[in-house]
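User: Could you take me through the ligand site of this model, please?

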Amino acid sequence: MCGIIGCIGEAAAQPFLIEGLGRLEYRGYDSAGVAIWNGKEIETRKSIGRVSRLAEALNESPLDGDTGISHTRWATHGAVTEENAHPHFDASGRLALVHNGVLENHKALRDGLLGRGHTFVSQTDTEVLAHLIGEAFDCAPVQDRDALVAAVRYALGQAMGTYGIGLLHADTGRFLIAARKGSPLIVGFGDGRQFLSSDVDAIADWVDEVIYLEDGDIAALDGDTYEVHRVSGGEATPPAPVKVEAPPTREGRGRYAHYMHKEIHEQPETLREVMKGRLDHEGGTAVFSGLQRTNEELREWHRIVLTGCGTTYHAALAGESLIEALARIPVECEYASEFRYRNVPLDSRTAVFAMSQSGETADTIAALRESKRKGAPTLGICNNVISTIARESEGGVGLRAGLEIGVAATKTFTSQVVALAMLGLLLGRIRDLPHCEGMDIIRGLESLPELVAQTLELDEEISRIAAKYISARNFLFMGRQANFSIALEGALKMKEISYIPASGYPSAELKHGVIALVNEETPSIFLAPQDGVYEKNLSNIEEVKARKGPVIAVGTEGDETLASLCDDVILLPQVPDFLAPVLNVIPLQLFAYHTAVALGCDVDKPKNLAKSVTVE
Ligand code: M6R
């Protein structure tokens, strides 16, 4: 995780470093820091918490200079303290370094440095790297720019793990070095300035072209020209510059108090967007030009693996049922964080879909690369289509949900599920699914935005219900079939923004252990639409009620049986069974949101989390 910005050029660096850093806060917001070369030495400012606090500190005491680096941290090694905030310095105090990633052998390297008389002010792996580079530089016969590149190469040659780094040294002045392995790092070129950044969007307003550094690259920038060297030795042919497109506009929160609330309410529109131009009435099918596959090639697939993390993994689970039902192709969902440590059977006829809102989740990138290594066709399903996953996969599906700023994923979840439903439709129609059934699916999909809009009208009612349960210390979420994935997602939303323990289960698992948790203080939230397993859910609800457990049920409009059985009901419009998960998740998103607001939690930036998890 962590975000890096570097700037070198004709104007003062500080405004660029701070504004760019604010745009990278989705990568972590435990602490932030900046280091700028003032023509003689390097000055630094750090603060705990958000970039806005660092900006306040800099307003009071600005840093002058045209060459600098900055960092927003998601803590991996060492607590959230000012000492552990980046930039970190070497023993001489003249080299400053920011780092994104994890050095796995930092302990051995630290011990070696301690043995050679070094002392450290932080517990971070990053400070170890700063000392290692500084030590090699100080040993060089001449302390010039070539020596600094050589010192970086030497130190990174010893480093195991992942890194994206930016550094400067007071002795080499107007000179920045960047290097990467496993963590993204981009070099951008604008009007009289060069930049380093963890992603393109953060610098897109200031640059015309960027290069994406490759693993093992070391870039050296002097404000005008640049060179790319390899950690393994020698110079590299720099990657070809890529033109930068305008980033998606970052709209404000409008009438909403939080981005999460706004993004929940954007779902009718984002669902329209994900379907736009992709439903083919004549063929009763879906069309995805981004897959870059002919129907003959798609028919070759005999198995599909969906991989992702967190909420995205839950979308994959919902999609599994949809694709299997529509296309009769076996689908497996794999946690991306487990993928490369398991020996998942893959072959050239098993399509792997790497799913990720951000397209930058380290585990999902690793799963994608592992799949490629094993010869499987790799596709991406991303919201951010200029991301690593979008670039490295052979083709894919863009979600078009717009920027999602709230750390808790909401609108991108429903877009992912609908994208998978359309994929199931396409794969079904080139196999056994008849045209008339394809048309039913299309009609169901097209009705969704309006049904979601109607569901969102229950916002205030859900807020009132949530208020009744804010003293609960544990929530159980239950659903069957595809609604089990929604139970998992409802529980995750509750945990991540309100910090209340919550867990999701298939309803029938209740009697296999979970029922031991049922008591008067533990609310159970059941997903119980009037579908093929409705009566089964009613029986499970009875079992909870028999043990005095409060029950909140999400059901179908007009269901009086459910209303008489449960303490509270949230009744949603009728929807075809296969699309019920898309509708059912909305009240759970709102329930978690209103609970968190009532408890005074920081909804858009929950503690310990980051929007994009870029470390393993
Ligand atoms: O960007 P990704 O979809 O790859 O992110 C995956 C998870 O980190 C993400 O869904 C996370 O679980 C969210 N905080 C959930 O709200």
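Analyst: The notes below cover the ligand site and then the domains. This is a predicted model, in which local features need pLDDT of at least 70, side-chain atom pairs count only at pLDDT 80 or more, and totals for chains, interfaces and linings use all residues. Residues are numbered from 1 along each chain as its sequence is written, and side-chain values use heavy atoms, with hydrogens and water left out.

User: How many residues surround the ligand, and which are the closest?

Analyst: The ligand is surrounded by 14 residues, the closest being Thr312, Ser356, Gln357, Thr361 and Glu496. A residue counts as near if one of its heavy atoms lies within 4 Å of the molecule.

User: What is the split into nonpolar, polar and charged?

Analyst: Five are nonpolar, seven polar and two charged. Here Ala, Val, Leu, Ile, Met, Phe, Trp, Tyr, Cys and Pro count as nonpolar, Asp, Glu, Lys and Arg as charged, and the others, Gly among them, as polar.

User: Where does a backbone N or O atom of Gln357 lie?

Analyst: That atom of Gln357 lies 2.7 Å from a ligand oxygen atom. For Ala409, a backbone N or O atom is 2.8 Å from an oxygen atom of the ligand. A polar contact is a pair of N or O atoms within 3.5 Å.

User: Changing topic, which domains supply the shell?

Analyst: Domain 2 (255–454) and domain 3 (457–616) each contribute at least three residues to the shell around the ligand. Domain bounds come from an automatic or database domain assignment.

User: And how far apart are the centres of domain 1 and domain 3?

Analyst: Taken over C-alpha atoms, the two centres are separated by 46 Å. Domain 1 comprises 3–7 + 75–243.

How values were computed:
Polar contact = N/O pair within 3.5 Å; in protein donor to acceptor, adjacent residues only side chain to side chain.
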